[in-house]
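Student: Can you walk me through this one? I'd like the sheet, the helices and the aromatics.

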Amino acid sequence: MAELLKVNNASMIFGGLRAVSNLTMQIDEGELIGLIGPNGAGKTTAFNMLTGVYEPSEGVITFDGQKINGKKPYQVTQMGIARTFQNIRLFSELSVLDNVKIAFNSQVRYGLLEAVGRYFKEEETIEEKALALLKIFHLEKFRDEMARNLPYGEQRRLEIARALATAPRLLLLDEPAAGMNPQETKELMEMIRWIKKEFDL
């Protein structure tokens with residue numbers, strides 16, 4: 001398997017607090033890996049370094065041979081890394097459908113003059129893709145519902161669907177089972193295995 005992500009002695013220091021110290025790891029294409037540690041161990045901080053939220057104080061992070069250090073989150077997303085958050089971060093005032101459409105829009109690449117002729121066709125295609133993704137996650141019946149009104153488990157699924165809409169090569173799930181009951185957690189684990197197979201992650 002080809003190397004996808006490489007972290008070499010990455011640290012994150014806030015003032016005198018070393019939140020992450022000398023993190024070193026490698027993720028190859030097709031691998032399913034868990035980052036395990038107690039609350040406060042620095043897992044979310046590590047994810048923030050991997051996705052451009054924080055620039056590491058020390059060390060180097062590369063994805064597909066390109067250095068991530070210093071890149072903005074949207075640039076990291078465009079490179080092919082998507083994530084969810086420990087505390088769900090949806091656009092709560094937007095519909096379920098619009099939450100996914102926004103992620104697809106991040107892939108659109110054309111200028112203003114081109115947009116005049118292509119906008120409506122592009123929007124139609126994006127909506128079709130978003131609806132197909134909602135169907136996969138059994139969320140199509142909620143398409144017009146405000147995201148904030150979804151039950152907790154469905155919000156988790158929506159966040160994952162939105163992440164997948166960016167067409168990632170690497171999907172990072174931060175505490176995906178947080179707040180779930182045992183049955184929901186079991187269903188989530190099955191879904192993660194299915195996502196890995198169906199989306200070739």
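Tutor: Here is a short tour, starting with the ground rules. This is a predicted model, where local features need pLDDT of at least 70, side-chain atom pairs count only at pLDDT 80 or more, and totals for chains, interfaces and linings use all residues. Residues are numbered from 1 along each chain as its sequence is written, and side-chain values use heavy atoms, with hydrogens and water left out.

Student: What order do the strands take in the open sheet?

Tutor: The order is β2-β1-β3-β4, with antiparallel pairing of the 4 strands. Strands are DSSP runs of E, at least two residues, and helices are runs of H or I, at least four, numbered from the N terminus. Two strands pair if DSSP finds at least two bridges between them.

Student: Which strands stand at the edges?

Tutor: β2 (17–28) and β4 (66–67) do. Each has a single partner strand, so one side of each is left without a neighbour in the sheet.

Student: How many bridges join β1 to β3?

Tutor: 5 bridges join β1 (residues 3–14) to β3 (residues 58–63). Lys6 has Thr62 in β3 as its bridge partner.

Student: Where does helix α1 lie?

Tutor: Helix α1 (residues 43–50) lies across β1, β2 and β3, at about 120 degrees to β1. Axes are lines fitted to C-alpha atoms, for helices over the stretch in contact (heavy atoms within 4.5 Å). Angles run from 0 to 180 degrees between N-to-C directions.

Student: Switching to aromatics. How many aromatic pairs are there?

Tutor: The whole structure has 3. Rings of Phe, Tyr and Trp (its six-membered ring) pair if their centres lie within 6.5 Å; planes under 30 degrees apart are stacked, over 60 edge-to-face, the rest tilted. Phe137 and Trp194 are edge-to-face, 6.3 Å centre to centre, with 90 degrees between the planes. Phe137 sits in the loop between α4 (112–136) and α5 (152–164), Trp194 in helix α6 (residues 182–198), 57 residues apart.

Student: Is Phe137 buried or exposed?

Tutor: Phe137 is buried, at 1% relative accessibility. Buried means under 20% relative accessible area, exposed over 50%, partly exposed in between (1.4 Å probe, protein chains only). Trp194 is partly exposed at 34%.

Student: What about Trp194 and Phe199?

Tutor: Their ring centres are 6.0 Å apart and the planes at 80 degrees, so that pair is edge-to-face. Phe137, Trp194 and Phe199 form one aromatic cluster.
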